[in-house]
Amino acid sequence: MNEISTIEKTVLSEYKYGFVSDIEADEAPKGLNEDTVRFISAKKNEPQWMLEWRLKAYRHWSRLAGEEPKWPNVKYPPINYQDIIYYSAPKQKVDLNSLDEMDPELRRTFEKLGISLNEQKRLTGVAVDAVIDSVSIGTTFKVQLAELGVIFCSMSEAIQEHPELVKQYLGTVVPITDNYFASLNSAVFSDGSFCYIPKGVRCPMELSTYFRINAENTGQFERTLIVAEEGSYVSYLEGCTAPMRDENQLHAAVVELVALDRAEIKYSTVQNWYPGDKEGKGGIYNFVTKRGICRGESSKISWTQVETGSAITWKYPSVILKGDNSVGEFYSVAVTNNHQQADTGTKMMHLGKNTKSRIVSKGISAGVSNNSYRGLVHVSKKANNARNFSQCDSLLLGDKCGAHTFPYIEVKNNSAIVEHEATTSKIGEDQIFYCNQRGIDTETAVALVVNGFAREVMNQLPMEFAIEAQKLLAISLEGSVG
Amino acid sequence: MLTIHNLHAGIEGKEILNGINLEIKPGEVHAIMGPNGSGKSTLASVLAGRKDFEVTEGSVEFFGKDLLGMPPEKRAGEGLFLAFQYPVEIPGLSTTNFIKTAVNEIRKYRGEEPMDALAFLKLMKEQMAMMDIDQSLLSRSLNEGFSGGEKKRNEIFQMAMLKPKLAILDETDSGLDIDAIRIVANGVNKLRSKDNAVLVVTHYQRLLDYIIPDFVHVLYNGRIVRSGSKKLALELEEKGYDFIKNEIDVSEEVNQ
Ligand SMILES: Nc1ncnc2c1ncn2[C@@H]1O[C@H](COP(=O)(O)OP(=O)(O)O)[C@@H](O)[C@H]1O
Ligand SMILES: [Mg+2]
């Protein structure tokens, strides 16, 4: 039988993270109105200015009257925003003096996720924050980081402990009116991570957050803010999983990065939200706004993402290159299988002189999925000598899936050099047979070809993450050929 | 070790192999020669298990097992190796990583533990020296941007790493200069033992000066029309394939 025609026998491997933990939750009533916003703010004991900010966002959002963005190349039934629970917190002591006090069930959840919040694991050199449903659970290595002046805590804590920093930066990169989902997030965000790297400090360990949606009917709206002061450096990792549920769940996060003079922020994501079952039932709607600004000269922001999960992904990690000589990078692997849909890419906004950006996007589609790259390279009038290089490659497994590329280029300055290359290839029967002939079964062969295809991006990930991500690619395509 | 009995195979209803019979015993080297399009690569592909080809009649036994019933990776596990006429490129996959995966998958098939990194490295070094292959080639993406000669040498290098019981070389000599042919032949000869066999598919007799065959078969229109000793290869070289073609075509006309 023809190798490619057998691709139709696509079977999604069992989603490994699909368990539900039996954790008692403290929830807001379903639905969204001003009272919900007040409820969330009150739960978090927030100062008045924070509540005002949220309400402003809420009012803007409600004026949009359900006008979700229509331009992405994705299809889904209307979302009933009144049927979602906007706040769900594991019921447990708010103040965790030590991680030992953590609810044992919660602890087991993390063990299943392969996350250790255990300080004994310090050798791995990764400081972990974990957000389950809406609330941040514990931040490891706090003390060690504090000695360097690095702040790494939950957003709720930052609002309490470092209000001046939050006030100064929150919403400066992604304004509350930026887009439908960003406005929604601004109104109801419940937690997330906050990082602040002081002047001249190279953060000695990877900072990492794991996001987990657990409770039913809840949305997750986390908010992350990273500020890197002059000459500082930080590498931040983010991982996501969710239980298998028949209904779709909404995840609308906002991430803001601020890099000042000569600062560098490296932000890596391995996104493995539940993608839905083989028939396309259930799965996470991942509608996320991520943006960084290179505010200072010679600063650098680099996004790396490996996207394997979610029923729908709608996400464009972007960089505003404001400072002269600043650099923006976007490295992406997006895998879609079965009925998954992804519309993802980046925006590189060249405002400063001699700014450079590099885009490497690798889309992999299998099953009857749809994978779109959407990218904008904008060079403003004053951005002399701006450079961009974009490489967008698509790999198709089978002939029922789709790959699409939507590159937008706006150049207002003649000295700019903007290069765009795009390729589409099919995983070859010849490649699979060649591997088979060397004793390698088809599943492993697909993993080899796909990982080869994605290598340039995988190389950008920190070591521990890269191995995890490689396995993830293999798992999410299991059974898609042969 | 290999018994091919009345093998018929084709593609999309078109018959390419028309009843092949061949017996290969451990320790033997067989050469298959024949004009372009006679079905040599098809025979190699069918033996290796390429799915495009449909076997319509006949049987193949490999160490007493039904070869045609096995998927290609199992055939490899059983000790069958094909050096491809046109090796395939896999961008981004390092040659070393590929070979390591292959070695360990075959070991797994045989119920052996994966080879540890050190032992693997040692084996690589030995075989690299023998095949005159540079380390830098092996760290590059599999076959990507390799010259024709490098690709062929890489095939034989993989053979040396996997140590198959039956190696089928499909036109491994084409595109190689005389020095490269010597290296390749040397690699093949090193593998020769009383337990292993080699099936050399070639268009020219040149390679057979270095890999001395015990038997030479001439394939024409999907059938073995002549078998003989090394001398047959020399005779073909001297007279060209036309003399065989004429002979066969005439006898076919007579029979009709
Ligand atoms: N994939 C294929 N599809 C259709 N015809 C093929 C295919 N492969 C080989 N053939 C045909 O089969 C015959 C034998 O080809 P091949 O086995 O490659 O010959 P050789 O290796 O002896 O030159 C030729 O006529 C060729 O055109
Ligand atoms: Mg051939």
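I started at ligand 1, where one of its oxygen atoms sits 2.5 Å from an N or O atom in the side chain of Thr42(B). The model I am reading is a predicted one. Taken alone, ligand 1 exposes 560 Å², and the protein buries 63% of that.

**Entry 1: the shell around ligand 1**

I looked up backbone contacts next. A polar backbone atom of Ser41(B) is 2.9 Å from an oxygen atom of ligand 1, and for a polar backbone atom of Ser38(B) I noted 3.3 Å to an oxygen atom of the ligand.

Then I listed the residues around ligand 1. They include a run from Pro35(B) through Asn36(B), Gly37(B), Ser38(B), Gly39(B), Lys40(B) and Ser41(B) to Thr42(B). Ile11(B), Lys14(B), Ile16(B) and Phe53(B) are also among them. By class, I have four nonpolar, six polar and two charged residues in this shell.

Which element gives the most to the shell? I found that α1(B) does, with three residues. Both β2 (14–24) and α1 of chain B supply at least two residues each.

**Entry 2: the magnesium ion**

I moved on to ligand 2, the magnesium ion, and asked which protein atoms are its donors. They are OG of Ser41(B) and OE1 of Gln85(B), lying 2.1 to 2.4 Å from the ion. Ser41(B) belongs to helix α1 (residues 40–48) of chain B, while Gln85(B) is in the loop between β6 (80–83) and β7 (90–94), so the pair ties together parts that are 44 residues apart in sequence.

Gln85(B) comes out at 17%, which means it is buried, as the cut-off for that is under 20%.

I also noted that Ser41(B) turns up at both ligands: it is in the list around ligand 1 and among the magnesium donors.

**Entry 3: the sheet with β2(B)**

As β2(B) had come up in the shell, I followed this strand into its sheet. The sheet is open, has four strands in the order β2-β1-β4-β5 of chain B, and pairs in the antiparallel sense. Its edge strands are β2 and β5 (65–66) of chain B, each pairing on one side only.

I checked how β2(B) is held to strand β1 (residues 2–11) of chain B: the two are antiparallel and share eight bridges. In that pairing, Leu2(B) stands opposite Ile24(B) of β2(B).

**Entry 4: strand β13(A)**

My last stop was chain A. Strand β13 (residues 283–294) is mostly covered, with 12 of its 12 residues buried. I wanted to know which strands pair with it, and I noted these parallel pairings:

- β10(A) (residues 248–251) pairs with β13(A) over four bridges, and Leu250(A) has Tyr285(A) as its bridge partner.
- β11(A) (residues 254–259) is joined to β13(A) by six bridges, with Leu257(A) opposite Gly292(A).
- β15(A) (residues 312–315) is joined to β13(A) by four bridges, and Thr313(A) is the bridge partner of Asn286(A).
- β16(A) (residues 318–321) is also joined to β13(A) by four bridges, with Val319(A) opposite Gly292(A).

I liked Gly292(A) here: this residue stands opposite Leu257(A) and also opposite Val319(A) of β16(A).

Terms used:
Residues are numbered from 1 along each chain as its sequence is written. Chains are lettered from A and ligands numbered from 1 in the order in which they are written. This is a predicted model: local features need pLDDT of at least 70, side-chain atom pairs count only at pLDDT 80 or more; totals for chains, interfaces and linings use all residues. Side-chain values use heavy atoms; hydrogens and water are left out. Buried means under 20% relative accessible area, exposed over 50%, partly exposed in between (1.4 Å probe, protein chains only). Two strands pair if DSSP finds at least two bridges between them. Donors are N, O and S atoms within 2.8 Å of the metal (3.2 Å for Na, K and Ca); water is not among the atoms, so sites may look incomplete. A residue is near a molecule or strand if one of its heavy atoms lies within 4 Å of it. A polar contact is a pair of N or O atoms within 3.5 Å; within protein, one must be able to donate a hydrogen and the other to accept it, and residues adjacent in sequence count only if both atoms are side-chain atoms. Accessible areas come from the Shrake-Rupley method with a 1.4 Å probe; for residues, only the protein chains shown count as cover. Ala, Val, Leu, Ile, Met, Phe, Trp, Tyr, Cys and Pro count as nonpolar, Asp, Glu, Lys and Arg as charged, and the others, Gly among them, as polar.
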